[in-house]
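Student: I would like to learn how to read a few features of a protein model. Please take them one at a time.

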Amino acid sequence: MVATIKSGIITLLHTACGAGILAMPFAFKPFGLLFGILIITFCGCCALLGLLLQTRVVKYIPQNSNASFFVLANQINPNLSVIFDIAIAVKCFGVGVSYLIVIGDLMPQILNVFTENSWLLNRNFHITMMMLFIVTPLCFMKRLNSLRHASMIAISSVVYLCLLVIIHFILPSNDIEGLKGKVSWWFPKNEPSPLTTLPIFVFAYTCHHNMFSVINEQPKKNFSNTRCIAIYSILLAFLLYIVIGGSGYLTFGDNITGNIIMLYPQSISSTIGRMAIVLLVMLAFPLQCHPARASIHHTIHFFETRYRNKGNKTNNSNEMDISGNFAVTTSTISIVDNTFNNSTTALIPQISVTEDATLIVAEELIEENSPKQPEIVPLKGKRFIIITTCILVCSYLLAISVHSLAFMLSLVGATGSTSISFILPGIFGYKLIGSEYTAASNSTMTMPKKTKLFKFFGLCLTLWGVIIMITSLFATLTVGPSH
């Protein structure tokens with residue numbers, strides 16, 4: 001349980017630092033070293049602003065309620081809750097696919113040390129075997145408490161990868177020297193648009209869906225206390241990305257690929273690193289499947305309830321013509337009750353905030369049927385099987401079709417990450433901050449400059465997120481990161 005500023009920082013840092021580290025050096029390629037550092041800095045500032053807006057809007061949460069995207073969405077418009085569900089589903093699904101891509105990339109390199117059999121060195125073979133015998137059985141489990149211990153493996157893997165990159169940069173072997181390409185300090189020529197890898201930087205800082213859980217568990221939830229968690233966690237992530245990204249790019253130059261650990265020559269140290277990452281993503285995939293499945297379920301339920309509400313309105317309208325005022329009263333009660341049930345059902349994925357799009361297992365995982373999860377819209381029976389099967393089949397088909405980790409991270413970063421990191425926190429900040437001064441009863445009160453500034457920053461962050469989403473998604477789909 002998060003109860004101190006230090007543990008809150010660790011939780012957010014674990015959430016942010018994961019899959020983005022593998023592709024961080026590649027993200028420098030279309031920018032060059034100096035502009036890459038500037039973009040890392042700018043994206044870090046935007047991510048920090050999103051976290052600060054989240055800490056700022058906590059005071060607008062109703063009394064005796066925990067902070068969550070769902071509660072805040074209902075303060076503005078209940079329909080926003082389904083947007084957050086969709087963003088979570090897209091992000092978790094995309095990260096799950098990226099995990100399978102990592103398995104397909106690294107397993108042949110690991111087994112190449114022991115065998116030359118073509119079957120055992122085929123990426124699709126390993127993805128298929130992992131899906132059939134490990135990933136699928138775990139994804140159909142209701143409880144995954146034991147997989148929380150994978151967080152220790154995750155921490156060790158990230159630390160090991162950092163040391164591997166730094167050591168090979170300082171003391172490069174002859175094989176690595178032979179792989180080194182041209183290092184550009186400014187924008188390099190003949191490279192695809194920088195918009196293709198910009199989402200990787202956005203993706204790397206995404207930890208915002210765990211921020212409210214961290215705030216809820218702090219003994220002091222005031223802005224001056226919780227802002228320290230946001231500042232220090234982003235600062236540490238920034239330093240880590242500068243070291244890994246800069247060292248990796250300087251080591252391989254424009255020959256860098258979307259998964260840096262694939263470039264290191266066969267050795268005991270690199271093989272251990274690859275095995276640790278494969279074990280990590282193999283155990284982490286089910287933790288992406290669970291929140292994706294829950295979010296898809298609640299999205300379906302949202303639209304089902306809307307459809308039923310429309311039917312109820314039509315039926316009750318007909319009853320009013322026959323039965324008079326009594327039918328009108330009954331209709332009103334029915335509609336309010338349905339609306340309440342609809343908004344309440346979306347509460348589960350927002351409060352659970354299960355897992356981010358990284359290689360790190362979130363500490364605040366709440367699985368389906370967990371004692372902490374409200375039993376409002378149970379997911380079981382045929383729907384549980386159908387949604388899980390669809391997620392697994394689609395993930396498998398994408399993983400064997402897409403060979404680029406960088407492309408998948410860019411796609412996820414341009415959609416899910418921008419929604420969770422920029423657009424939603426910005427909307428909350430713009431709509432809620434200062435609302436106590438714009439209310440009719442307090443219209444004569446003057447809004448402080450600091451409040452106006454946060455409100456303005458919320459609007460800017462939302463617009464920036466929309467621009468990044470549209471332009472980066474278009475560039476990723478039309479041009480794509482080179483790999």
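**Reading the model**

Tutor: H126 lies in helix 6; helices (H or I, at least four residues) are DSSP runs, numbered from the N terminus. This is a predicted model, in which local features need pLDDT of at least 70, side-chain atom pairs count only at pLDDT 80 or more, and totals for chains, interfaces and linings use all residues. Residues are numbered from 1 along each chain as its sequence is written, and side-chain values use heavy atoms, with hydrogens and water left out.

Student: Is H126 buried or exposed?

Tutor: Buried means under 20% relative accessible area, exposed means over 50%, and partly exposed is in between (1.4 Å probe, protein chains only). H126 counts as buried because its relative accessibility is 5%.

Student: What does H126 touch?

Tutor: A contact means heavy atoms within 4.5 Å. Leaving aside residues up to four places away in sequence, H126 touches I103, M107, P108, L111, L120 and L121.

Student: Where does L121 lie?

Tutor: L121 is in the loop between helix 5 (80–111) and helix 6 (123–139). With a relative accessible area of 27%, L121 is partly exposed. Its contacts, again not counting residues up to four places away in sequence, are P108, L111, N112, T115, E116 and H126. The C-alpha atoms of L121 and I110 are separated by 9.0 Å, and these residues are 11 apart along the chain.

Student: How many disulfides are there?

Tutor: A disulfide is a covalent bond between the sulfur atoms of two cysteines. The rule used here asks for a pair of cysteine sulfur atoms within 2.5 Å, and by this rule the count comes to 0. C390 is in no disulfide, as the nearest cysteine sulfur, that of C394, is 6.0 Å away. The sulfur of C46 has its closest cysteine sulfur in C43, at 6.2 Å, which is too far for a bond. C46 is buried, at 9% relative accessible area, while C390 is partly exposed, at 44%.

Student: How do I read two packed helices?

Tutor: Two packed helices are described by the angle between their axes and the distance between the axes. Axes are lines fitted to C-alpha atoms, for helices over the stretch in contact, and angles run from 0 to 180 degrees between N-to-C directions. The axes of helix 16 (residues 405–432) and helix 18 (residues 449–478) come within 7 Å and cross at roughly 160°. Helix 16 is therefore roughly antiparallel to helix 18, a term for angles over 145 degrees.

Definitions and conventions:
Helices (H or I, at least four residues) and strands (E, at least two) are DSSP runs, numbered from the N terminus. Angles under 35 degrees count as roughly parallel, over 145 as roughly antiparallel, 65 to 115 as roughly perpendicular and the rest as oblique.
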